[in-house]
Amino acid sequence: MKVALLGGTRGMGRSLARLFAERGDAVCLLGRDPAELERSAEDLRARGGKQVGTVPCDLLKPEGFGPALDAASGQLGGLNTVVITAGMFAGQEELENDGALAERLLRANFTNTVVFCEEARRRLLAGGGGTLCAFSSVAGERGRKPVVIYGATKAGLSAYLEGLDHKFRAAGLRTVCVKPGFVKTGMTAGLKPPPFAGEPDAVARRVLGAIDRGKPVVYAPGIWALIMLVIRSLPRTVMRKIGF
Ligand SMILES: NC(=O)c1ccc[n+]([C@@H]2O[C@H](COP(=O)([O-])OP(=O)(O)OC[C@H]3O[C@@H](n4cnc5c(N)ncnc54)[C@H](OP(=O)(O)O)[C@@H]3O)[C@@H](O)[C@H]2O)c1
């Protein structure tokens, strides 16, 4: 595979980048910090990655998305897989009290992620098809008190990815929407892990399987599919009462 990955410097993205590199896929890491990108690329090479590139790309600067994907394609001699794990998280209280932060998170996790996916979609389809994998969240499945704003960004992203899948699968675009539950990464450092919290390496293995099979939706860890089945079925009156 020839993979461009935005968000491969940390967390689940880093775990996924390692799996791609270790099995011989060509990987181009996209990210906002050139020094961090180079460190991560060295890590992939040390793990046996034979073709590893880096390209600067900031999720908050959408004008750079197209050129970054073109540069990645140039480095790898084409692209057939694009993954975006990059995203922001902040607690609900913090977002309620800081309008500028809330606006930035809405832009990063929804508007700009969709813009990035659109740039990737055009290029993958122009090349005959491929896989577009984006990290949404179980937080997008219901409106919930602790993640009102963050969850809304992920709800929008999940809906967009489902629409893409319906519209373009027949044309060769395989859309994979990842819905992690709580996973222990830098993003959740400082939060108390709930039962069934996942580890990034295990999540990455599950996501890689979904990418290989072109599975449109993947919950990770898998138990979250069941948990969310229950949560989706709860009446609003119950959701209003509980803290989940
Ligand atoms: N962890 C969870 O429990 C959880 C649950 C559900 C969904 N998710 C979603 O899963 C995805 C990955 O989460 P994670 O926990 O692996 O996150 P993480 O460990 O915090 O890593 C986030 C990655 O995004 C990159 N990033 C952030 N802002 C960026 C920007 N403006 N431009 C470019 N790159 C940027 C970071 O790059 P730097 O190295 O430059 O910081 C880093 O590589 C996210 O979309 C998150 O919302 C996470």
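Lys and Arg count here as positive and Asp and Glu as negative, while His and the chain ends are not counted. The place of a charge is taken as NZ of Lys, CZ of Arg, CG of Asp or CD of Glu. On this basis the chain carries 34 positive and 23 negative side chains, and the centres of the two sets lie 7 Å apart.

The model is predicted: local features need pLDDT of at least 70, side-chain atom pairs count only at pLDDT 80 or more, and totals for chains, interfaces and linings use all residues. Residues are numbered from 1 along each chain as its sequence is written, and side-chain values use heavy atoms, with hydrogens and water left out.

The chain has 9 helices and 7 strands. These are DSSP runs numbered from the N terminus, with helices (H or I) of at least four residues and strands (E) of at least two. The radius of gyration is 17 Å, close to the 18 Å that the globule rule gives for 244 residues, so the chain is as compact as a globular protein of that length. The radius is taken over C-alpha atoms, and the rule is 2.2 Å times the number of residues to the power 0.38. Along the principal axes, the C-alpha atoms fill a box of roughly 55 × 40 × 30 Å.

Of the 244 residues, 51% count as buried. Buried means under 20% relative accessible area, exposed means over 50%, and partly exposed lies in between (1.4 Å probe, protein chains only). The chain exposes about 11,100 Å², and carbon and sulfur atoms supply 56% of that area. Accessible areas come from the Shrake-Rupley method with a 1.4 Å probe; for residues, only the protein chains shown count as cover. Contact means heavy atoms within 4.5 Å. Among contacts with a separation of 6 or more, residues 24 or more positions apart account for 70%.

Most residues other than glycine have a negative phi, and most peptide bonds are trans. A cis peptide bond joins alanine 220 and proline 221, with omega about -10°. Phenylalanine 196 is not a glycine, yet its phi is positive, about 70°. Phenylalanine 196 counts as partly exposed, at 49% relative accessibility.

Side chains of opposite charge can pair when their charged atoms come close. A salt bridge is a side-chain nitrogen of Lys or Arg within 4 Å of a carboxyl oxygen of Asp or Glu. The structure holds 18 salt bridges. One of them pairs arginine 107 with glutamate 103, the closest N and O atoms being 2.8 Å apart. The two residues are 4 residues apart in helix H5 (residues 99-126), so about one helical turn separates them. Arginine 107 is partly exposed, with a relative accessible area of 29%. Glutamate 103 is also partly exposed, at 40%.

Glutamate 141 takes part in a salt bridge with lysine 179 (2.6 Å, N to O). This pair links distant parts of the chain, 38 residues apart: glutamate 141 is in the loop between strand E5 (130-135) and helix H6 (148-168), and lysine 179 is in strand E6. Glutamate 141 is buried at 15% relative accessibility, and lysine 179 is buried at 11%. Glutamate 141 also forms a salt bridge with arginine 232, with closest N and O atoms 2.4 Å apart. Here the partners are 91 residues apart, and arginine 232 belongs to helix H8. Arginine 232 is partly exposed, at 37%. Elsewhere, salt bridges that share partners join Arg18, Glu22, Asp43 and Arg47 into one network.

Leaving aside neighbours within four places in sequence, valine 27 is in contact with Val3, Ala17, Phe20, Ala21, Leu44, Gln51, Val52, Gly53 and Leu76. The C-alpha atoms of valine 27 and threonine 81 are separated by 9.4 Å, although these residues are 54 residues apart along the chain. Not counting residues up to four places away in sequence, serine 158 touches Ser136, Cys177 and Lys179. Lys179 is also the salt-bridge partner of glutamate 141.
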